[in-house]
Amino acid sequence: MLLVSQERSCPGAPSSPVPGGTTPAPPPATRWFRCLVLLALAGAAAATWPPCHMATNNRTGLCRGQGLVWVPPDLPRDLHGLDLSYNKLQEITASDFAGMTRLRHLDLSYNNISRIAPDAFVSNLLLEHLQLFNNSLHHIPAPALRPLANLRWLDVSNNLYRSAALGGVFGEPRRLRELSLGGPLLEDISRGDFVTLKDTALQKFAIKSGSSLRRYEAGAFSWLNTTELWCDMALDTRVEVLPAVLRDLRGRPITYLRFRNLFEFTYYTGDTDPFAGLAELQVTTLVFYRGKFTENLLRLALLNIQRSRVRDLALVAVDFARSQQWNGSTVGSVAPRLDHLLLQDISNPDVLRFDWTFTWFSGVTTLSIINVNFNYVPCDVWGEMLNVEVLDISGNRLEDGYIYNQRCHYEGVMPKLETFILATNQLLSLAVVAALTRTWPQLTRLDASHNSLGSLQETCQWSPTLRWLALHHNRATVGTFGCLPTTLEYLDLSHSQLDRLDMDYFTRSLRLRELRLSGNKIKFIPSEWSCPQLQVLAIDGNSFGIINHGSFSNMPQLLSLAAGNNPYHCTCDLYLFLEETRRRGRPTLADWPHNWTCYHPEPLLDTAVAAYTLRPLECDTPALVTIAVTSTVVAVVACAMLCWKLDAGWYLRATYRLVQAKYGRRRAAAARPCSYHAFISYSRADADWVRRELLERLENAVPPYRLCIHERDFTPGRWIIENIVESIERSSKVIFVLSRSFVDSEWCNYELYFAHQRAVGLGSEDVILVVKEPIVARGLPPRFARLRKMLGTKTYLEWPHEPGRKDFFWLQLQSLLGNPGGLGAAAGEEEVNVGDTT
């Protein structure tokens, strides 16, 4: 502030006298040097200020809240709008807006302006909106406003002048439609203050006096020619002013009347009726904002409203309290007919039953009870709302058990209700909401948004007339669809943490035309999604990345689609969907191209889908098929020519004969009969059991089985591995005698491996497992992985220790071995025959 005052007083300014002193003024050169220094400092300070921003059209300057102490001198001259609010301006000079001949909107509110030069706006003849709210003006700047013949909207309220008298200049701008006057120091409103407005048809006139009003002269408002009157006047000690104001408004075209802080500090306890005369006005909308109300004062207001033309009544943020001396003589008699009754931001829910009944709701068509902190609906209130068509009880603390009481009778109540708004409460159960509303015969719209509905698995019965349902900002799951009505035409489940869809619900919803699922967690769009009448779909802000040309093919009526802000895979599927949409002209992409970005593949991350381009023929399927077929034909012809040139046919015939001969030898070898019925694999610790039990029983059978054991039938002098392989190959079956000793034997593991390889080639039925001692498959060493697998997948025989069960064991084993016979010569016999032939 110091820099501004000194900078503007330097040129030729005399030095200030020093009280009581004779100090001489500094020399002129010194004064000029000081001025230059101050100017340099001011310029440096101004250079550090953030510059004003220009709006997108470059015709509106945005200098809001930048700490400016004067109007920047370098602003464009062709501005249409300029916002200088929330700064530190103290004065408006003649040069601040000079040359801005196109300026139409100027906002100077929330500064510290105390002076406006008389010629401050001589260049701004097109100015229509001027905002001087909340400054330090000690007088209404009538001389500065004289050139503004096109002024339509003027706010000079909340300043420091003590009189609201308007000069003749306010009668000149015939286009003026909104005027706001007054401030906290306004003490007197005289009869002639507004006479200059008698021929000006205003849409809104606002006057503020706060608690400082000392005198209101009758007839002061009788000059007003406005349709809206906003009075911010505290009448705690001047109650008689209100009837005088209402008398002055008789015959005036006022249809909207608003009182702010009518009783600001004290509750009215007088006997006179302060609202007398209200019935004689043209007012149809009456608003009480803030201020203190008792039940007796509210009753007086309602009795006058009941006789008046008021059809819209609002009590907003009022401080309601019970009267100390309650007058019960008119209980139940107050029932004004209102198109709309609004009760909002009232901390005391007693205001609902101010006269101990709910009778005053009986004549209301639209009832809004918003943020009144009530959490319980008594049974008798439902029966009073016979004429209510719209009920809004949003922003309260209602819970399931408090809004729906099973002891209440809901049949036949609310016969005219069409719209019910339950938003922003504490509801959890959709079934409770459905039970509350299902008997209301005219209900078509229900808003239960901003609750916690949908997380419970419930069965619901809804009113068959319900057509519009808003459940956004809840907790929906795929099970929620089982509780939704299928009669809807509009459904909003946006921002409800939904991750999957129930396709059956949409198939059954034959009337659904608009569906909003924005801001959920849906991960994929089902290709079978069918909704025959759907016209508008919003699925933006979810988690799916793939849509293709068939994603919405079962929605033949779809006209509008919003699907941006999803992690799209920019592939052929998306490209073909967009191409098909452009070709058909439907559905219209409501949010295209904003927020349509690629998420995958990685090189295209954050690329706009609109900028996604393809390589030639990348997604042209017919062209790709044509090229592939042509290439294949060319390759086949080229190979055929090459084969003919290099005699490839001869080589193919030779290879075929070689394979045929080799395959024939293999089949001949496979057809050779086996020498043994079974090869027995066992550990040395089980040898006695094998010889005494197994061999004794099987080799003495009639006819006998031929068995191979290593200690008797292996060829001496050969490698053990060779004996094992040959014996297994020459045996029809392989019997493993399993015991703990078997597991510890390394040779048994080899035999198991070769038998397993044989089973892979010939079939697992050639392997027979005989468990002599119980073993735990999970406890076997890692090298016996094959045995663990066989024990888990193959039926085995267990050697019984009870004598009575052994006959059944042998019967099972012989059944697995099959009938003896059909074997070739044993190994030793084959060698003898060869020697004899020689």
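In which helix does Met-641 lie? Met-641 is part of helix H11, which spans residues 621–645; helices (H or I, at least four residues) and strands (E, at least two) are DSSP runs numbered from the N terminus. The model is predicted, so that local features need pLDDT of at least 70 and side-chain atom pairs count only at pLDDT 80 or more, while totals for chains, interfaces and linings use all residues. Residues are numbered from 1 along each chain as its sequence is written, and side-chain values use heavy atoms, with hydrogens and water left out.

Met-641 is exposed, at a relative accessible area of 52%; buried denotes under 20% relative accessible area, exposed over 50%, and partly exposed the range in between (1.4 Å probe, protein chains only). Together with Val-625, Val-629, Val-633 and Val-637, Met-641 forms a nonpolar patch on the surface with about 440 Å² of accessible area. Such patches consist of residues with over 30% relative accessible area and no salt bridge, with nonpolar side chains (Val, Leu, Ile, Met, Phe, Trp, Tyr) joined within 5 Å and like charges within 9 Å. A salt bridge is a side-chain nitrogen of Lys or Arg within 4 Å of a carboxyl oxygen of Asp or Glu. Accessible areas come from the Shrake-Rupley method with a 1.4 Å probe, and for residues only the protein chains shown count as cover.

Beyond its neighbours within four places in sequence, Trp-529 is in contact (heavy atoms within 4.5 Å) with residues including Leu-501, Phe-506, Leu-537 and Phe-552.

The count of disulfides, defined as pairs of cysteine sulfur atoms within 2.5 Å, comes to 4. One joins Cys-52 to Cys-63, with an S to S distance of 2.0 Å; this link is right-handed, with 120° about the S-S bond, and both cysteines are buried. Another joins Cys-379 to Cys-408 at 1.8 Å and is left-handed, with -75° about the S-S bond. Cys-379 is partly exposed at 33% relative accessibility, whereas Cys-408 is buried at 9%. Cys-570 and Cys-598 also form a disulfide, which is left-handed because the torsion about its S-S bond is about -90°.
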